[in-house]
Amino acid sequence: FGLGLLVLTLGLALTGYLLPWDQKGYWATKVATNIAAITPVFGSEIERLIVGGSDYGHLTLTRFFALHAGILPAFIVLLVVGHIALFRRHGITSKKPHRKPDAAFWPDQVLMDAVASLAVLATVVFLTVYFHGAELAAPADPSESYAAARPEWYFLFLFQFLKYFRGGTEVWGAIVLPSVALGILAVMPFLGRWQLGHRFNLAFLGCMLFGAGLLTWQALEEDRNRPEHQAAVARDRQD
């Protein structure tokens with residue numbers, strides 16, 4: 001359930017990127033749909049289903065809006081309800097000896113969850129006000145290529161990772177290896193029952209976090225050193 005929520009959250013980030021219909025979101029989403037097209041067997045059908053035709057247009061924007069504002073949130077609600085039901089049924093496994101007495105889910109746990117949620121909301125509002133809202137680039141123009149098309153920071157590591165796969169091997173970096181990583185995350189609770197498995201889990205998570213951080217840093221550094229990227233960003237801000 002947690003991995004499903006993770007994938008749906010990433011889907012929200014991806015579908016929302018196109019909705020401003022600006023140059024940055026348009027070309028970055030085009031890259032994402034091209035990645036979907038390399039899916040074995042059903043790649044072209046998946047791309048056509050997402051795009052709504054052979055090329056980007058109002059159908060693409062409508063479908064992304066429907067996914068972002070309707071379908072994906074509905075699935076998230078279903079998974080959250082299922083997650084809470086499982087939590088209520090199985091409870092939690094805490095480390096013994098217990099340092100505090102048992103407390104009721106209502107209102108104690110609900111209050112702590114509400115405080116944490118308000119802290120996240122306050123952080124988002126502060127960042128929105130501080131940076132004057134989300135960045136809005138020039139209107140999308142399919143006839144003009146955009147050298148500064150990049151995903152947001154949380155997808156930069158995957159963007160950089162794909163650069164190491166060329167000549168028909170992109171499917172490994174875009175689909176196979178990420179799927180293997182999700183599969184390993186799914187079996188971690190079972191591996192963690194043994195001491196060696198617990199150590200493997202810690203090492204794997206550490207390597208994943210370090211690798212994602214390193215790839216993100218590499219992507220940012222490469223963009224800083226590319227004159228055409230800087231020129232595209234400056235021209236876009238001017239527009």
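A contact is a pair of residues with heavy atoms within 4.5 Å. Residues 24 or more positions apart account for 66% of the contacts in the protein chain with a separation of 6 or more. The model is predicted: local features need pLDDT of at least 70, side-chain atom pairs count only at pLDDT 80 or more, and totals for chains, interfaces and linings use all residues. Residues are numbered from 1 along each chain as its sequence is written, and side-chain values use heavy atoms, with hydrogens and water left out.

The protein chain holds nine helices and zero strands. Helices (H or I, at least four residues) and strands (E, at least two) are DSSP runs, numbered from the N terminus. Along the sequence the pattern reads α-α-α-α-α-α-α-α-α. The C-alpha trace spans about 65 × 40 × 35 Å along its principal axes. The accessible surface of the chain comes to about 16700 Å². Carbon and sulfur atoms contribute 69% of that surface. Accessible areas come from the Shrake-Rupley method with a 1.4 Å probe; for residues, only the protein chains shown count as cover. Of the 239 residues, 22% count as buried. Buried means under 20% relative accessible area, exposed over 50%, and partly exposed in between (1.4 Å probe, protein chains only).

Helix α1 (residues 2–16) includes Thr15. Thr15 counts as buried because its relative accessibility is 6%. Its side chain reaches the backbone oxygen of Gly11 at 2.9 Å. Leaving aside residues up to four places away in sequence, Thr15 touches Phe64, Leu67, His68 and Leu72.

The largest share of the patch, three residues, comes from α1. Leu182 sits in helix α7 (residues 170–191). With a relative accessible area of 32%, Leu182 is partly exposed.

Nine aromatic pairs were found in a search of the whole structure. In the pair of Tyr26 and Trp27, the ring centres are 5.4 Å apart and the planes stand at 80 degrees, so the pair is edge-to-face. Rings of Phe, Tyr and Trp (its six-membered ring) pair if their centres lie within 6.5 Å; planes under 30 degrees apart count as stacked, over 60 as edge-to-face and the rest as tilted. Tyr26 is buried, at 2% relative accessibility. Trp27 is buried as well, at 17%. Trp153 and Tyr154 form another edge-to-face pair, 5.4 Å centre to centre with 75 degrees between the planes. Here Trp153 is exposed, at 63% relative accessible area, and Tyr154 is partly exposed, at 29%.

Trp21, Tyr26, Trp27 and Tyr56 form one aromatic cluster. Trp21 lies in the loop between α1 and α2 (23–37). Its relative accessible area is 27%, so Trp21 is partly exposed. Trp21 has a positive phi of about 55 degrees although it is not a glycine. Phi of His132 is also positive, near 55 degrees, again in a residue other than glycine. His132 is found in the loop between α5 (105–130) and α6 (153–161). At 74% relative accessible area, His132 is exposed.

Side chains of opposite charge can pair when their charged atoms come close. The whole structure contains two salt bridges (a side-chain nitrogen of Lys or Arg within 4 Å of a carboxyl oxygen of Asp or Glu). Lys163 and Glu222 meet at 2.8 Å, N to O. This pair links distant parts of the chain, 59 residues apart: Lys163 is in the loop between α6 and α7, and Glu222 is in helix α8 (residues 195–224). Lys163 is partly exposed, at 27% relative accessibility. Glu222 is partly exposed, at 33%. Arg224 forms a salt bridge with Glu221, with the closest N and O atoms 2.5 Å apart. Both residues lie in helix α8, three residues apart, about one turn of the helix. Arg224 is exposed, at 51%, whereas Glu221 is partly exposed, at 27%.

Terms used
A polar contact is a pair of N or O atoms within 3.5 Å; within protein, one must be able to donate a hydrogen and the other to accept it, and residues adjacent in sequence count only if both atoms are side-chain atoms.
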